[in-house]
Amino acid sequence: MQAFVFLLFLGLLSSAQAATKPCRIDGFPQEVQCGQIARPLNPAEPQGKQIQIHYLVLRAQDRNQLADPIFFLAGGPGQSAINVAGWAEHLFNKLQLRRDVVFVDQRGTGRSAPLECPESQDLSKLTDSEGALREIRHCQAALQKLPYGDLRFFTTSIAVQDLDAVRKAEGYPAINLVGVSYGTRLGLEYLRQYPQAVRRVVLDGVLPPDYAISGSDIQKALDSLFADCRSDARCQSTYPNLAQSWRDLLASTPKATILKHPRLNTEANVTISRNSVLGMVSAVLYSPVNSSGLPFAITEARAGRFNPLLALSGQTALPNAGKIFAGMHYSVWCAEEAGRLPVLDDDFGRFRSETYRKICGEWPRGSVPAAFYTLPKSASPVLLLSGGLDPVTPPQHATHVAKALGDKAKHVVLGKSGHGMLTQSCVDDLVYRFINAEDAQKTDLSCVKPIPRPVVWVLPKG
């Protein structure tokens with residue numbers, strides 16, 4: 001009997017190897033394995049129009065490999081898992097010794113029926129919200145002309161069915177999911193639809209399906225920065241009225257100014273709106289390291305000098321591996337979030353709600369099953385990770401999910417960390433031990449220690 005089981009396992013591995021072929025991918029000096037499977041654009045029409053779902057596999061390095069791979073679920077929504085694989089690979093070095101690591105380009109991203117909108121480097125367009133809305137409308141019209149341009153069929157619930165089709169094509173009996181940001185929502189939906197195919201789950205920066213992202217969480221992150229500045233002698237002496245400077249900055253908009261592109265060194269006469277300021281500050285708050293420069297940037301912007309804030313926001317950076325495929329982003333968000341956007345009185349809440357209401361008012365919306373917004377108890381161990389300063393997926397989101405998932409869920413909070421914990425402290429080793437342990441419930445979480453907020457940046461004298 002044991003010989004039969006072993007031969008069956010070898011058969012599964014050989015079928016998995018046959019599903020892929022050697023390929024070259026940016027970020028990897030060596031050949032890796034690439035695969036693709038045909039999937040119906042509309043799941044209700046399995047013989048109808050097909051799209052190709054592409055994926056990358058980093059094969060286990062040891063001969064004595066295990067049958068449960070790691071599936072990495074990218075964020076966004078709209079990131080390509082294959083594009084960020086070169087960055088994410090180092091997170092799984094020890095796990096890859098005996099396990100395959102798989103990166104699937106979710107439909108609408110990367111190589112899988114991409115829904116890409118042009119990115120502009122024009123400074124005047126970066127500050128023109130109405131112009132940006134027109135660009136999105138033009139992109140929507142172009143995307144709808146594609147052979148796969150029915151934008152209703154790119155929702156999370158459909159995407160996890162693609163994910164499971166990859167699992168089956170590779171012959172994996174069960175998988176471990178590691179999701180970041182929006183990828184945590186993808187992981188929770190996979191766990192809901194295919195609980196029998198899940199061994200372990202790691203969720204970093206948890207986005208619950210039944211919570212709409214709230215601008216008030218961004219305001220809380222900014223208020224935390226103000227409070228920490230008041231309690232820090234160096235910050236308080238350099239920026240003594242930071243919260244008031246912020247209020248003065250918002251009150252001064254719209255404001256005409258000259259922006260200098262931090263990378264191209266070009267200049268443009270622009271008018272900075274209130275929403276432009278809110279958008280730039282929102283982006284900075286994702287990272288406590290970048291946020292250490294925010295007191296200086298706010299103080300400069302209040303005086304009419306917006307270049308430090310522009311540079312910190314990253315809005316003028318070169319397109320990179322983590323770029324968002326905007327068409328997929330709106331196809332997911334408008335289907336799953338648009339009808340649940342809260343009406344709030346705070347600045348960030350209004351900014352976020354107004355932006356998505358304008359875009360989603362004309363964007364085709366896919367059908368989302370009511371069960372998508374539920375969180376059944378989990379029979380599989382789940383590790384949830386939160387940064388205490390996270391402006392979009394704060395710890396209370398993961399606390400809510402952990403309670404719903406039940407006793408198999410563990411939640412770890414790193415107090416002064418921001419959005420994304422996998423690269424912080426000992427978290428990568430914690431994830432390795434959680435996935436590798438025979439009994440995940442006995443995983444020692446004590447290595448995660450509080451870290452201080454990065455020291456506030458002050459302009460050097462002289």
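View 1. At a relative accessibility of 44%, Arg305 counts as partly exposed, a class that lies between buried (under 20% relative accessible area) and exposed (over 50%), with a 1.4 Å probe and protein chains only. Its partner Glu300 is buried, with a relative accessible area of 17%, and the closest N and O atoms of the Arg305 and Glu300 salt bridge are 2.8 Å apart; the term requires a side-chain nitrogen of Lys or Arg within 4 Å of a carboxyl oxygen of Asp or Glu. Because this is a predicted model, local features need pLDDT of at least 70 and side-chain atom pairs count only at pLDDT 80 or more, while totals for chains, interfaces and linings use all residues. Residues are numbered from 1 along each chain as its sequence is written, and side-chain values use heavy atoms, with hydrogens and water left out.

**View 2. The salt bridge between Glu130 and Lys358.** The closest N and O atoms of Glu130 and Lys358 are 3.3 Å apart. Glu130 belongs to helix α4 (residues 129-143) and Lys358 to helix α15 (residues 347-360), so the pair ties together parts that are 228 residues apart in sequence; helices are DSSP runs (H or I, at least four residues), numbered from the N terminus. Glu130, at 40% relative accessibility, is partly exposed, and Lys358, at 41%, is partly exposed.

View 3. Leaving aside residues up to four places away in sequence, Ser245 touches Ile298 and Arg302, where contact means heavy atoms within 4.5 Å.

Methods
Helices (H or I, at least four residues) and strands (E, at least two) are DSSP runs, numbered from the N terminus.
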